[in-house]
Amino acid sequence: MPDTSGNILIVEDDPDVRDMLSTLLTLEGFHAVGAEDGLEGLHLLRAVRHRSADIPCLVLLDLKMPRLSGHEFRRAQLGDPIVADVPVVVMSGAVDLEQRAQAIGAVATVPKPIDVDSLMDVVRKYCVVRQSQQPTDGR
């Protein structure tokens, strides 16, 4: 079984969705941290990234949030070289989700309502593969 010990930041203003995602990811072997809006998410991302360059492996980002929207979060993230390279997956119920995600440089999308299998496919792609390739590549 692959190593699924990646750290994932969930930036979502709906506490029910945030808790559900956190519980799901924890049950799948990941360490999930939740933020209630883009401002808190940006603060957490910067704080965690300063401690270890390898974490988090992924940000799950809602677009429509108070204080700092997903678009504003992403703009600030890309402007900070310490956190700019952390991949972002956009979660939204927007009809034009793919275009919005592409406009902010997201690596993938997860439409709302969230399909758990699709979400886990994306998470494993960006966290498990990265985790399993680190230790003994030999190059």
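The buried residues of helix α3 pack against β1 (7-11), α2, β3 and β4 (88-92). Contact here means heavy atoms within 4.5 Å, and buried means under 20% relative accessible area, exposed over 50%, and partly exposed in between (1.4 Å probe, protein chains only). Helices (H or I, at least four residues) and strands (E, at least two) are DSSP runs, numbered from the N terminus.

A word on the model: it is predicted, so local features need pLDDT of at least 70 and side-chain atom pairs count only at pLDDT 80 or more, while totals for chains, interfaces and linings use all residues. Residues are numbered from 1 along each chain as its sequence is written, and side-chain values use heavy atoms, with hydrogens and water left out.

Back to α3, which spans residues 70-78: its buried residues are G70, F73, R74 and Q77. Seen down the helix axis, these buried residues fall within an arc of 95 degrees, so they line one face of α3. That arc is taken from the directions from the helix axis to the C-beta atoms. An α-helix has 3.6 residues a turn, so residues three or four places apart point the same way.

One of these residues, G70, is also a contact of D62, together with V11, E12, D13, M91 and K112, leaving aside neighbours within four places in sequence. D62 sits in strand β3 and is buried, with a relative accessible area of 5%. Its side chain makes a polar contact (a pair of N or O atoms within 3.5 Å; within protein, one must be able to donate a hydrogen and the other to accept it, and residues adjacent in sequence count only if both atoms are side-chain atoms) with the side chain of K112, at 3.3 Å.

Now for the disulfide, defined as a pair of cysteine sulfur atoms within 2.5 Å. A search of the whole structure finds 1, joining C57 to C127 with an S to S distance of 2.0 Å. C57 lies in the loop between α2 (38-51) and β3 (58-62) and C127 in helix α5 (residues 116-133), so the pair ties together parts that are 70 residues apart in sequence. The torsion about the S-S bond is about 90 degrees, so this disulfide is right-handed.

| Residue | Relative accessible area |
|---|---|
| C57 | 0% |
| C127 | 0% |
| D62 | 5% |
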